Amino acid sequence: MAATIALLPVLTLTACGAGGASGTTPAGAQASPTPTDDPVTAVRKVDSVAALLPADVRKAGTLRVGSSIGFPPGAYYPNGQDKPPAGQDIDIADAVAKVLGVKLERQDASFETILPALGSGKYDFGTGNFGVTIERLKTIDFVTYINDGQGFAVKKGNTALKTKVTDLAKLCGLTVGTGAGTTFEATLTAQKGVCAKAGKKPYDVKVYSENGATLTALQQGRIDVIMSTINGLRYQAAQPASGTAFLGEYHRLDVGFAFKKGSPLTRALQAAVNELIKDGTYARILKKWGTSPSAIETSRINPPEHT
């Protein structure tokens with residue numbers, strides 16, 4: 001990483017979940033370097049892959065994508081919201097579009113609004129580090145492009161949690177901050193009974209629609225721990241200004257582009273991702289954003305949720 005200086009957006013990612021509106025700059029956030037490598041520029045259309053698109057899409061030459069842009073390394077605004085976004089999700093989606101020979105019409109949208117909007121036809125697909133879960137597979141089709149998942153982070157110096165959270169019972173008595181409409185919120189809600197079962201005080205969950213608000217809450221002591229994406233929390237902890245410590249992975253999830261159920265676009269986007277994997281562009285993008293450990297060997301459509 002090198003080059004331009006960017007305001008460090010925040011945390012509370014998505015993968016599965018969080019994300020959301022562009023992060024307001026949290027207390028303590030400071031300049032952070034933005035990678036300058038540009039693996040997308042050299043990507044060219046692959047006719048055999050583009051031929052998998054429906055005829056009307058090939059004719060129109062555009063795809064509408066709803067993108068949750070809120071935090072690095074997934075998607076964020078390194079130079080302010082009046083400038084183009086950057087990030088791993090942005091690069092992969094742009095490279096896929098070039099393989100398909102189409103232009104992306106990207107609309108910034110809050111995380112929790114994207115999946116519902118797919119069914120109405122507002123977007124052709126969505127990006128936002130959407131984790132593949134059993135529940136989402138009931139109404140959404142996924143084309144995977146990375147492996148990420150759920151993790152936890154605390155404020156440096158926090159003594160309530162010192163080790164990796166392998167069981168949500170470790171959160172009993174604490175206040176957990178996470179993103180609205182995320183798999184994190186769903187997981188915390190579904191397992192809230194673990195503390196009563198253990199005879200302990202339940203954990204409290206506070207949900208935020210903006211990434212910046214979650215980190216600020218942590219920094220100000222209004223929450224004890226953040227649950228969010230593994231890559232996002234790890235990235236954040238590497239920025240000294242954030243003052244956070246990553247506690248490790250809790251649950252891995254495949255992450256994919258999201259489509260309405262039965263979309264005719266999935267085969268084409270899957271083939272485009274696999275083309276990028278084959279020609280090395282995919283590896284360069286992940287290296288650029290420091291997410292190489294999250295690489296997948298091949299893109300899949302609707303894989304089962306990790307156990």
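**Core and cysteines**

Modeller: Leaving out neighbours within four places in sequence, L100 is in contact (heavy atoms within 4.5 Å) with K45, V49, A50, L53, L63, A268, L269 and A272. This is a predicted model: local features need pLDDT of at least 70, side-chain atom pairs count only at pLDDT 80 or more, and totals for chains, interfaces and linings use all residues. Residues are numbered from 1 along each chain as its sequence is written, and side-chain values use heavy atoms, with hydrogens and water left out.

Colleague: How many residues has the largest nonpolar core?

Modeller: It has 38. L63, I92, V96, L100, F257 and L269 have the most contacts inside it. A nonpolar core is a set of buried Ala, Val, Leu, Ile, Met, Phe, Trp, Tyr and Cys residues joined through side-chain atoms within 4.5 Å. Buried means under 20% relative accessible area (1.4 Å probe, protein chains only).

Colleague: Which element gives the largest share of this core?

Modeller: α3, with 7 residues. Helices (H or I, at least four residues) and strands (E, at least two) are DSSP runs, numbered from the N terminus. Another core lies apart from that one and has 18 residues, among them V154, L161, L171 and M227.

Colleague: Switching topic. Which cysteines does a disulfide join?

Modeller: C172 and C195, S to S 2.1 Å. The cut-off for a disulfide is a pair of cysteine sulfur atoms within 2.5 Å. The count comes to 1.

Colleague: Why is the disulfide left-handed?

Modeller: Because the torsion about the S-S bond of C172 and C195 is about -100°.

Colleague: Are C172 and C195 buried or exposed?

Modeller: Both C172 and C195 are buried.

Technical notes: Buried < 20%, exposed > 50% of the residue type's maximum accessible area, 1.4 Å probe, protein only.
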